[in-house]
Amino acid sequence: MNLEIERESPVPIYLQIKSQVKGQILSGELLDGSPMPSERVLAEQLGIHRNTVTRAYGELKAEGLLRASQGKGYRVSVRSHKNTIAALRPVNWGALTQNSYADTESSFVLQFAKSFDDGIISFAGGIAAREPYPLEETARIIEKILRTNREKAYFFASIQGDEDLRRNLVKFVSRKGIKADSSNIQVFSDNNQALHFILSMFLHPGDSVIVDELSSPDVPRSVELAGGHVVRVPSDDEGMVCATMAGIIEEEAPAFIYVEAGYSNPTGTALSTARKKELLDLSYSYGIPIIEADETSELFLDGAPLPTIKSMDTGDNVIYLHSFALSMIPGIGVSFVVANQGMINNLCNMTMLHIVNSDWAAQMVTVEHLASGKLYERLAEFRAIYRKKRDLMCARLDELAEHYPLRYVKPGGGVYIWVELPRRISAKSLLTRARRHGVTFMTGESFFEEPSRGRSHIRLNYSYPSLDEIERGMDALGLALGEALEG
């Protein structure tokens, strides 16, 4: 079977394959029952992605020209085609899916979802503590909002975000040293959504974005799905290392530098003030905007609050993303962007193409907490709760480290602890044992560009589980560690 691929043709490669194979079948060149090359073999022969062959074969199978059987692969099916040519043709959804989405790594999502199964203590999540927001009080707040907002346009909010919310957000960021007015703010439901819109609006195919070598898998994946290229920079106890970045910038000409303002996911490390200033200097020297994402800068558990890069920015080079995901009622999604007014105008216009109505109820709940000062009280309460939970989990890790060679650095804030296991223990095998004992966590592979580097690392979250759950979960983790070392 000879196939010729024209890579410069506007016709997608999978359709070129389908058309040529179909022609050979209908002309009799490929006889009924003839075996087809496997997807892998044909992909290697043509120098293309295996998913492209899968898509082409899927189209041919849907037309009745190929049949597939377990253990035998694909075969030509002329009789089947003649018998079913007028029959219903089902949509081949797998073939229609773009390769970049079909290849999306799902292990992180599956680990996260399974970590909240009934009866399981979860150290895997990144969810706010439940304690500061009693259900009764939350119900009263929502009732008050519904009673006092009857004259509003039936619970619709502006695409840019409710005006009352944006005015209160101006006051909120001013306490962080960030100068803005309501026209500099665009409201979203979470930072991932905001990042997606920003990257979609600015990135051109092949553009580079600099990120920390250890970051949430959501960030590099968002860059890649927007057509960009991720450039990872090493980090240490002070965060992203800036010493070699000038050379990287000159070589890569990145579109953005992406950085976390607070305590990073997954390591819990905070970017030092000195490093933040270095990043800002690089931004000014090379004219590269910084995307600064913030969920945890208010969650300082030792020492003083962390300054944001945006608060130091006199050149309007920083796009600041803030989420209340770890300091608001769990499930109330409000995030916002602070940036240059022209950029915000364009971002609002783009948002309007995708979102007809933003989440009015979540925005009103946030307004109530900001305007009344409850949020600032809750932040102090969150810090006190998270400090107790962090200290308990670290104390239990210290106990385990007396028996097993674990290593970790106690975070100064945020919600995560990054633990290095003994080298002979695989994080995935430990997770399997831990689940049997009733506790879950996130394995390290998902956070590295080369997954094997995270083989012996785990991320523990202490914000969501109660103190009692932390005690019982650490007991379970200890049992799993013992079994892993004995095995």
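In this predicted model, Gly206 turns up in the loop that links helix H10 to strand E5 (208–212). Gly206 has a relative accessibility of 52%, so it counts as exposed, the cut-off being over 50%. Val231 sits 25 residues away from Gly206 along the chain, and the C-alpha atoms of the two are separated by 11 Å.

Stepping back to the whole chain, the count comes to 18 helices and 17 strands. The C-alpha trace spans about 75 × 60 × 55 Å along its principal axes. There are 487 residues in the protein chain, and 51% of them count as buried. As for how the chain meets itself, take the contacts with a separation of 6 or more: 72% of these come from residues 24 or more positions apart.

Back at helix H10, what does this element meet in H14? On the H10 side (residues 191–202) the contact is made by Phe197, Ile198, Ser200, Met201 and Phe202, and on the H14 side by Met343, Asn346, Leu347, Met350, Thr351 and His354. Sorted by type, the residues of this contact come out as 7 nonpolar, 4 polar and no charged. The axes of H10 and H14 (residues 341–354) come within 10 Å and cross at roughly 105°. That angle falls between 65 and 115 degrees, so the two helices are roughly perpendicular to each other.

One of the H14 residues in that contact, Asn346, is partly exposed, with a relative accessible area of 45%. Arg435 is 89 residues from Asn346 along the chain, and here the C-alpha atoms are separated by 47 Å.

Next comes helix H18, which covers residues 467–486. How well does the span of H18 agree with its 20 residues? At 1.5 Å a residue the helix should span 28 Å, and its end C-alpha atoms are 29 Å apart, so the two values agree. The buried residues of H18 are Ile470, Gly473, Met474, Ala476, Leu477, Gly478, Ala480, Leu481, Gly482, Ala484 and Leu485. An α-helix has 3.6 residues a turn, so residues three or four places apart point the same way.

Is Arg378 buried or exposed? At 8% relative accessibility, Arg378 counts as buried, since the cut-off is under 20%. Not counting residues up to four places away in sequence, Arg378 touches Pro132, Tyr133 and Glu137.

Another buried residue is Asp313, with a relative accessible area of 12%. Asp313 lies in a loop, the one between strand E10 (290–294) and strand E11 (318–323). A polar atom of the Asp313 side chain lies 3.0 Å from the backbone nitrogen of Gly315. With residues up to four places away in sequence set aside, Asp313 touches Leu280, Tyr284 and Val318.

Notes: Residues numbered from 1 in each chain as written. Predicted model: local features only at pLDDT ≥ 70, side-chain atom pairs only at ≥ 80, totals over all residues. Heavy atoms only, no water. Helix = DSSP H or I, 4+ residues; strand = E, 2+ residues; numbered from the N terminus. Expected span 1.5 Å × (residues − 1). Buried < 20%, exposed > 50% of the residue type's maximum accessible area, 1.4 Å probe, protein only. Polar contact = N/O pair within 3.5 Å; in protein donor to acceptor, adjacent residues only side chain to side chain. Contact = heavy atoms within 4.5 Å. Axes fitted to C-alpha atoms, helices over the stretch in contact; angles between N-to-C directions. Parallel < 35°, antiparallel > 145°, perpendicular 65-115°, else oblique. Nonpolar A, V, L, I, M, F, W, Y, C, P; charged D, E, K, R; others polar.
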